[in-house]
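User: I'm new to reading protein models and would like to walk through one with you. Can we take it one question at a time?

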Amino acid sequence: MEKKLYELKIDPEFEKAIYPLTDEEFRELEENILKNGCTDPLIVWNGYIADGHNRYKICRNHGIPFEISNLESCETRADVII
């Protein structure tokens, strides 16, 4: 997929399933993305972010385009969370 500023949805349950970053880890990720761009695609299921919430916030805040990868192997929300 091409890099652009996708408009994605956030599901709180999906976001909570990923271990949260510390403030320092978030700052380091932000510095890395500002320097190198978003190098890893965000994982998306049915328009919702399954993985990459922090990258999404950083990219949207700074207008940095990113790629997405659709999670087609999961049929249900429970599959995504697992």
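User: Is C74 buried or exposed?
Analyst: Keep in mind that this is a predicted model. C74 has a relative accessible area of 15%. The cut-off for buried is under 20%, so C74 counts as buried.

User: And what about C59, buried or exposed?
Analyst: Use the cut-off again: buried means under 20% relative accessible area. The value for C59 is 0%, so C59 is buried.

User: How many disulfides are there?
Analyst: A disulfide is a covalent bond between the sulfur atoms of two cysteines. To count here, two cysteine sulfur atoms have to lie within 2.5 Å. By that rule, the number of disulfides is 0.

User: Which cysteine has the sulfur nearest to that of C59, and how far away is it?
Analyst: C59 is in no disulfide. The cut-off is 2.5 Å, and the nearest cysteine sulfur is 3.9 Å away, belonging to C38.

User: What is the distance between the end C-alpha atoms of helix α2?
Analyst: Helix α2 covers residues 23–36, which is 14 residues. At 1.5 Å a residue, α2 should span 20 Å. The model agrees with that, as the end C-alpha atoms are 20 Å apart.

User: Which residue just after α2 takes a positive phi?
Analyst: Look at the spot where α2 has just ended. The phi there is about 80°, and the residue is G37.

User: In which sense do β1 and β2 pair?
Analyst: β1 is residues 42–45 and β2 is residues 48–51. Within this pair, V44 has I49 of β2 as its bridge partner. The hairpin has 2 residues between the strands, and N46 takes a positive phi near 50°. Over 3 bridges, the sense of the pairing is antiparallel.

User: In which sense does β1 pair with β3?
Analyst: β3 runs over residues 68–70. One place to look is L42, which stands opposite I68 in β3. β1 and β3 pair over 3 bridges, and the sense is parallel.

User: Which element gives the largest share of the lining of the largest pocket?
Analyst: That pocket has a volume of about 210 Å³, and 14 residues line it, with Y19, P20, L21, H53 and N54 nearest its centre. The elements that give two or more residues to the lining are α2 and α3. The largest share is 4 residues, and it comes from α3.

User: How many residues of that lining are nonpolar?
Analyst: Sort the lining of the largest pocket by residue type. There are 4 polar and 4 charged residues, and the nonpolar ones number 6.

How values were computed
Residues are numbered from 1 along each chain as its sequence is written. This is a predicted model: local features need pLDDT of at least 70, side-chain atom pairs count only at pLDDT 80 or more; totals for chains, interfaces and linings use all residues. Side-chain values use heavy atoms; hydrogens and water are left out. The expected span of a helix is 1.5 Å times one less than its number of residues. Two strands pair if DSSP finds at least two bridges between them. On a 1 Å grid over the protein atoms alone, a cavity is a set of points where a 1.4 Å probe fits but cannot get out, and a pocket is an open set with protein on both sides within 12 Å along at least five of seven lines; lining residues have an atom within 4 Å of a point. Grid points are joined across faces, edges and corners, and a volume is the space filled by probe spheres set on the points. Ala, Val, Leu, Ile, Met, Phe, Trp, Tyr, Cys and Pro count as nonpolar, Asp, Glu, Lys and Arg as charged, and the others, Gly among them, as polar. Buried means under 20% relative accessible area, exposed over 50%, partly exposed in between (1.4 Å probe, protein chains only).
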